[in-house]
Amino acid sequence: DVYGSLDREVLLERAQQSECDILSLKFNIENADEIPQATKLLEKLIKKITKPLMVRGTNDDKLDRVLLPELVKVLDRECIISCAVENSYAEIIPSTAGKHFVVLKSPIDINLAKEINILSNDLGQDLSKIIIDTDIGGLGYGFEYGYSIIEKIRLEGANDKFLTMPIISFAGEEALKTKEAKSQNLSSSWGKYEDRILMLEITATSAIRAAGANLIVVNHPQTLKAMKGLG
């Protein structure tokens, strides 16, 4: 956590004052019993948020298919809802169709990305309110493969209405999940830990921007400044 143990409302205020274009709230609950608490928290925080908002689930498909529709009920404005996948879109899309943007995540495959877009559109989600997440690894082969899929969608999907949507990438946080970003016990040749995690996130996010991603989620405030500096 680049902010340490700061209170969530202090974090929110810092995010509000930053140069970010969209503020992202991620709910890290562990079971369905916590959903009422999560909705109350969102109801409280949303009153203080003036930036465009993305509401994120837990990345647990089973939990998110229940959590995200409940969070949507609290929203008082158009937001981005993240994310729906093959195992959860059928439960999530009815709550977002006609109201919100939705991030549709598929596992690094252009055909699977197109398929979930079509299926969600069939359930009422307007194509203009779909955002593609092709998933990506944080480093190495996983990153390279994910990068190439984004390029492929941009090139081959230019004239395909089911693939012309904006692409979002969580490459920054995926880079920060790697052992190279988590370990403070590597040799001195890896550099200072604080510099290393920043370098990894900036490298991942700047590269994925070059691949054609439209929205990139970042964690470190210095990464945000670096990305803004790219123009």
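**Basis.** I worked from a predicted model, in which local features need pLDDT of at least 70 and side-chain atom pairs count only at pLDDT 80 or more, while totals for chains, interfaces and linings use all residues. Residues are numbered from 1 along each chain as its sequence is written, and side-chain values use heavy atoms, with hydrogens and water left out.

**Cysteines.** I looked for disulfides (a pair of cysteine sulfur atoms within 2.5 Å) and the count came to 0. The sulfur of cysteine 20 has its closest cysteine sulfur in cysteine 79, 14 Å away, so the two are too far apart for a bond. I also checked burial, where buried means under 20% relative accessible area, exposed over 50% and partly exposed in between (1.4 Å probe, protein chains only). Cysteine 20 is buried at 14%, and cysteine 79 is buried at 1%.

**Salt bridges.** I took a salt bridge as a side-chain nitrogen of Lys or Arg within 4 Å of a carboxyl oxygen of Asp or Glu, and the count was 10. I noted two of them, with helices (H or I, at least four residues) and strands (E, at least two) taken as DSSP runs numbered from the N terminus.

- Glutamate 91 pairs with arginine 65 at 3.6 Å, N to O. Glutamate 91 lies in helix H4 (residues 89-96) and arginine 65 in helix H3, 26 residues apart. Glutamate 91 is partly exposed at 38%, as is arginine 65 at 26%.
- Lysine 129 pairs with glutamate 78 at 2.6 Å, N to O. The partners are 51 residues apart, lysine 129 in the loop between helix H5 (110-122) and strand S5 (130-133), glutamate 78 in the loop between H3 and strand S3 (80-84). Lysine 129 is buried at 19%, whereas glutamate 78 is partly exposed at 44%.

**Arginine 196.** I found this residue in helix H9 (residues 193-211). Arginine 196 is buried yet has no salt bridge, and the nearest side chain of opposite charge, glutamate 194, is 7.8 Å away. Its side chain reaches the backbone oxygen of glutamate 180 at 2.8 Å and that of serine 183 at 2.7 Å.

**Cores.** I defined a nonpolar core as a set of buried Ala, Val, Leu, Ile, Met, Phe, Trp, Tyr and Cys residues joined through side-chain atoms within 4.5 Å. The largest has 50 residues, and Leu42, Leu53 and Leu75 have the most contacts inside it. Helix H3 (residues 61-74) gives the most to this core, with 6 residues. A second, separate core has 9 residues, including Cys83 and Phe170.

How values were computed: Lys and Arg count as positive and Asp and Glu as negative; His and the chain ends are not counted. A polar contact is a pair of N or O atoms within 3.5 Å; within protein, one must be able to donate a hydrogen and the other to accept it, and residues adjacent in sequence count only if both atoms are side-chain atoms.
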